[in-house]
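Morning, everyone. I have one structure to walk through today. Please bring it up on the screen.

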Amino acid sequence: MQGKMAVVGSAETIMVFKAAGVEAFPVTDEKSARETLRKVAHDFPVVFLSEEFAEPLKDLLKRFDEGAYPVVLPIPTGKEKGYGEAFLKDSMERALGVDILFQK
Amino acid sequence: MELKKLKARLSTAVRGHKLLKDKSDEMVRRFTVLLREDKRLRDEVEDDLAAALKQFALAGALTPAYVQETAFSMPAARVEADCATESVMGVDVPKIALTQTTSAALPYAFSEITSEADDSVRMVSALLPKLLRLAEIEKAVRLLSYEIERNKRRVNALEYVMIPQLEETIKYIRNKLDENERAAIVRLMKVNGA
């Protein structure tokens, strides 16, 4: 299956992705992000979502975990780090019950 | 007879339990491998992407926003992802390969945009395969984690509910049958003795 990639995020961070050939969908706040993501995830198998919108849209992201596609990847935008780690930690604890990576 | 049926069910349950437990062990092993790779890749991508975005912000500071916008609004490069699925322990996980349809030419004239922007675009282009790999792995990790959880439930249900219940019932029936047998023998002995 051929598919294209999309990126959802604030206008300044996604512009560079656009130049690299990824379809870009600028959003400004949580509400528009939710709507856009829902639409985009329907059409694109791979979606990059900038991390600042990933946290409030957790419930929506969880829905995408039911099948292999669409793949929504929260990407760091440089402003804040740590959401990706939290995401990882979450699945790790669900599956193993212990922390084997961060040991904090 | 009911006892025979129950015995068959018990042996199936025990076998199923063993199989599921093996499956669970193997899944956890694969999961840890994926998890470590995921962590390593994410750290790498986070650093690279931060660098690329910084570079882009620098470029943005050197050119007016509208120039940049027009320059970037017509991308020359087109990337596509080849999306397939792969089965890891019966879980369908995505398998994505990047197929760059056009060469990564810069979409604007050199006179419009500074070389900082060129670099950042190039950095992001170079980062795309890694990002896709990360997307793939991260999804696999999440899917596997759900599957492991479900599987654990099944194993536990078999181990702590189903198997003990079956054993209990079998024991009860066997006791009852033994009792009946003894009663019959006693009756016979009494009849013969009298």
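Let's start with chain A. Chain A has five helices and four strands. Start at the N terminus and the order reads β-α-β-α-β-α-α-β-α. Chain A has 104 residues, and 46% of them count as buried.

A word of caution before going on. This is a predicted model. For chain A the mean pLDDT is 71. In that chain, 73% of the residues reach 70 or more. Which elements of chain A have the lowest and the highest mean pLDDT? The lowest is helix 1, residues 11-19, at 70. The highest is strand 3, at 77.

Now chain B. Chain B has three helices and two strands. Along the sequence they follow the pattern α-α-β-β-α. Of its 194 residues, 27% are buried.

Next, contacts. Take pairs in chain A with a separation of 6 or more. Of those contacts, 52% are between residues 24 or more positions apart. For chain B, look again at contacts between residues at least 6 apart in sequence. There, 83% join residues at least 24 apart.

Back to chain A, and to strand 3. This strand covers residues 46-50. How many of its five residues are buried? Five of the five. Side chains in a regular strand alternate between the two faces of the sheet. So look at each side in turn. On one side sit V46(A), F48(A) and S50(A), all buried.

What does strand 3 of chain A pair with? Its partner is strand 4 of chain A, residues 71-75. The two run in the parallel sense, over five bridges. Within that pairing, F48(A) stands opposite L73(A).

That takes us to the core. Nonpolar side chains tend to be buried together in soluble globular proteins. Here, the largest nonpolar core has 55 residues. Which members touch the most others? From chain A they are V8(A), V47(A), L49(A) and L73(A). From chain B they are L131(B) and L144(B). The element that gives the most to this core is helix 3 of chain B, residues 115-193, with 14 residues.

Last stop, V8(A). Leave out residues up to four places away in sequence. V8(A) then touches V47(A), L49(A) and S50(A), among others. Its contacts also include F25(A), V27(A), A33(A) and T36(A). L37(A), V40(A) and F53(A) are on the list too.

Note on methods:
Residues are numbered from 1 along each chain as its sequence is written. Chains are lettered from A and ligands numbered from 1 in the order in which they are written. This is a predicted model: local features need pLDDT of at least 70, side-chain atom pairs count only at pLDDT 80 or more; totals for chains, interfaces and linings use all residues. A nonpolar core is a set of buried Ala, Val, Leu, Ile, Met, Phe, Trp, Tyr and Cys residues joined through C-beta atoms within 7 Å. A residue is buried if 20 or more other C-beta atoms lie within 10 Å of its own, exposed if 12 or fewer, and partly exposed in between; C-beta atoms are placed from the backbone. Two residues are in contact if their C-beta atoms, placed from the backbone, lie within 7 Å. Two strands pair if DSSP finds at least two bridges between them. pLDDT is the predictor's confidence in each residue, from 0 to 100.
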